[in-house]
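The structure comes first, then my entries.

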Amino acid sequence: MKQKRARDTVLRMSFALVLAFLAGLVVVGQSSQTRETAERERQKETGLSLLREVVLKEAANLRLVENRAYIYKSAATAVSGVDRKQSVELLEQAILEVDSALEAQVVGSAAPLYPTEELRRVRNEALLALSDLDPMRALTALRASKGGAEVDGHLTPADLDLEWRILQRSAATNPSLVLQTAMKGLASSPSPGLVETYIALRETSPENGRQLGRAIVERLSRENPDPHSSAGQTAFTLMADLWSRGQKPALDTSSLGEDSVKQLVTFVADLLLAE
């Protein structure tokens, strides 16, 4: 009986989500036509009311955290075209649901109540979706999240990689934020994810990309030449990018400048000698 009731609840919410999504499509589809503004607003409010009255009220009663987070994330997708603010808030609620469960498992120190890796996957999907709407809030949520505990005040490697992915997705819409955050990331040892972020930034904002690329090279030059270290792998990744862009056998110097390229080549040579 309980399983049937839970299934019916999910079905009701799913149906409401579909209707809300369709209402959003109608609003967006008619926005360029000569329909009455009042009618468009009525359709929009109908979809949002379905979310408030059915989805959001009943989602809190679902037993499994991942189901609650899934409903919030789906609702965020449904309304993203008509209410960006509501979509952001729903994604933050999904992240909060997962975060609270992960924190409780750490504090309880008993056998995990939920599959930790599944919870982190759900959290990461919500964070990436949030980054498409508001990169700054996504980065703030990641830093505040307990999904991947910090080590000595720094993000874990998995969450640091997620931060780079968020920045890469944001390069086209907020290059200044990407540059500022990436430059702060140079306080720790560079990683290949930083190079991928530099590449994404270079494609959308060449000057910001050049500034970040030169800073990466300068930071690498202060590292010990260990080919197996994160810095060593970063240097190899950056060198491979320059090689792929250049006219063989020459390296591409346009994105970094000759001085930075020479500095990188010297460091890579030291890495090869250290093998």
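**Helix pair and core**

I started with the crossing of α5 and α7, and it is right-handed. I am working from a predicted model.

Next I looked up the geometry. Two packed helices are described by the angle between their axes and the distance between the axes. For α5 (residues 116–133) and α7 (residues 157–170), the axes come within 9 Å and cross at roughly 25°. Angles under 35 degrees count as roughly parallel, so α5 is roughly parallel to α7.

Which residues of α5 and α7 meet? From α5 I noted Arg123, Asn124, Leu127, Leu128, Ser131 and Asp132. They meet Asp159, Leu162, Arg165, Ile166, Arg169 and Ser170 in α7. I sorted this contact by class: 4 residues are nonpolar, 3 are polar and 5 are charged.

Then I turned to the largest nonpolar core. It has 61 residues. Which of them touch the most other members? I found Tyr198, Leu212, Ile216, Leu238 and Leu264. Helix α4 (residues 84–108) gives the most to this core, with 8 residues.

Setting aside neighbours within four places in sequence, I listed the contacts of Leu212 as Leu179, Ala182, Met183, Leu194, Tyr198 and Leu201.

My last entry is on α8 (residues 175–185). Which residues of α8 are buried? I wrote down Leu177, Val178, Leu179, Thr181, Ala182 and Gly185. What do the buried residues of α8 pack against? They pack against α6 (135–144), α7, α9 (192–204) and α10 (206–220). Leu179 and Ala182, both buried in α8, are among the contacts of Leu212.

Methods:
Residues are numbered from 1 along each chain as its sequence is written. This is a predicted model: local features need pLDDT of at least 70, side-chain atom pairs count only at pLDDT 80 or more; totals for chains, interfaces and linings use all residues. Side-chain values use heavy atoms; hydrogens and water are left out. Axes are lines fitted to C-alpha atoms, for helices over the stretch in contact, and angles run from 0 to 180 degrees between N-to-C directions. Helices (H or I, at least four residues) and strands (E, at least two) are DSSP runs, numbered from the N terminus. Angles under 35 degrees count as roughly parallel, over 145 as roughly antiparallel, 65 to 115 as roughly perpendicular and the rest as oblique. A crossing is left-handed if the near helix is turned anticlockwise from the far one by less than a right angle, and right-handed if clockwise. Contact means heavy atoms within 4.5 Å. Ala, Val, Leu, Ile, Met, Phe, Trp, Tyr, Cys and Pro count as nonpolar, Asp, Glu, Lys and Arg as charged, and the others, Gly among them, as polar. A nonpolar core is a set of buried Ala, Val, Leu, Ile, Met, Phe, Trp, Tyr and Cys residues joined through side-chain atoms within 4.5 Å. Buried means under 20% relative accessible area, exposed over 50%, partly exposed in between (1.4 Å probe, protein chains only).
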